[in-house]
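Biologist: Could you walk me through reading a helix and a strand from a model like this one?

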Amino acid sequence: GREVMMQGFNWESHKFEWYSVVGERATQIRDAGFTQIWLPPCTDSLAPEGYLPRNLRSLDTKYGTEQQLRSLIGTLRENNILPVLDAVLNHRCATHQGNGGKWNRWEGTGMDWGEWAITNRNKDFMGEGGDPTGDEFWGSPNIDHREPRVQESLCEWIKWLTHDVGFGGIRFDFSKGYGGEFTGKYVRACMPEFAVGEFWDTLNYGQGLEYDQDAHRQRIVDWIDATGGICTAFDFTTKGILQEACGRGEFWRLVDKKGRAPGVIGLWPARAVTFIDNHDTGSTQSHWPFPSNKVGMGYAYILTHPGTPSVFWDHFFDWGSDLRKQITGLLEARKAMGVHARSKLEIVAATDSVYAALVDDKLAVKLGHDNWSPSGDGWKVSVSGDQWCVWTRG
């Protein structure tokens, strides 16, 4: 439970020799304390970013060649950094036209499926498979994960990428699109050291963001349960609440009705992956960005709290040395105090103007402009930034 992940790309990374860029920074990533790195989708794709996969057996992409990918994975492993695969399994763009002249067949890919592999909801692809088991992704054929031939082929594919190519962890894209039980099956097929799903659901809004997000986080927990509890999930609940709390100075949001953290980390921290932004919410897409002047404060929260934190490439490498120093200092404090995914969190204050918490009674954190410092002996300021501070002791 001591993992710390880096998301190792952004929405523009395909414009560079990206595998080389990451490889050159492997020692810096290791020395900062990251234990794993989520790499961009590595299969042939209709779109350069990799999220419209086509030939799943071809690993030559805009990010680099299969040979460069294997070389990067070797470099990461030499540095004890676990490479995490981005598995885009909800949908797959066809290579050939089939029934009705629609793009619904795959030929010459080593995973040659037909209309039978596509769910029946979207008439644009005339799928002959069963009903969907989740939300529709409208841009390309949605795969019928109930079909035994699909399951068999994807289990083989994921085994190849882990056992042969060398990935050690898996991030599942668009987990709302197909039942969690199938994700569980694919994880069990290769038993990676780490697995996380992207179950991104809209939070509860009324006149703005509602205080109570219990139903939202419960849906994420239900998805984790559906995998058999074998997979973690990105804590979108925490992201949504934290950026509202930091951006508006509404720190009362950071405690639930029972005194716990209000996100997935308050219910099942061992299965929650916390983050500030990713290639969708931030980067050049900026669908739902964290307030840019509060990003350091956001990291002060997730890097001191239970759950498995993930740091976005841009924030570490592209937003300047001040933020990088803050992130590095927070990572050092987390490691020095032995904070882990299941650490004990005690929330001491959550008011309009201040949030304060103790973690394992060895680390204290404060967000907000009010004066607060931990009581008792032996506390030393470990790292601080604009309106936030972290203390450690022991």
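This is a predicted model: local features need pLDDT of at least 70, side-chain atom pairs count only at pLDDT 80 or more; totals for chains, interfaces and linings use all residues.

Biologist: Gladly. What span should the 16 residues of helix 10 have?

Modeller: At 1.5 Å a residue, helix 10 (residues 321-336) should span 22 Å, and its end C-alpha atoms are 22 Å apart, so the two agree.

Biologist: And how do I read which way its residues point?

Modeller: An α-helix has 3.6 residues a turn, so residues three or four places apart point the same way. Here the buried residues of helix 10 include Leu 323, Gln 326, Ile 327 and Leu 330. Thr 328, Gly 329, Leu 331, Ala 333 and Arg 334 are buried too.

Biologist: What follows helix 10?

Modeller: Gly 338, with a positive phi near 65°.

Biologist: Now the strand. How are its side chains arranged?

Modeller: In a regular strand the side chains alternate between the two faces of the sheet. In strand 15, Leu 363, Val 365 and Leu 367 lie on one side and Ala 364 and Lys 366 on the other, and all are buried. With five of its five residues buried, strand 15 (residues 363-367) is therefore largely enclosed by the rest of the structure.

Biologist: Which strands does strand 15 pair with?

Modeller: Strand 14 (residues 355-359) pairs with strand 15 in the antiparallel sense over five bridges, with Leu 358 opposite Ala 364. Their hairpin has three residues between the strands, and Asp 360 takes a positive phi near 55° there. Strand 17 (residues 388-392) also runs antiparallel to strand 15, joined by five bridges; in strand 17, Cys 389 is the bridge partner of Lys 366.

Technical notes:
Residues are numbered from 1 along each chain as its sequence is written. Side-chain values use heavy atoms; hydrogens and water are left out. Helices (H or I, at least four residues) and strands (E, at least two) are DSSP runs, numbered from the N terminus. The expected span of a helix is 1.5 Å times one less than its number of residues. Buried means under 20% relative accessible area, exposed over 50%, partly exposed in between (1.4 Å probe, protein chains only). Two strands pair if DSSP finds at least two bridges between them.
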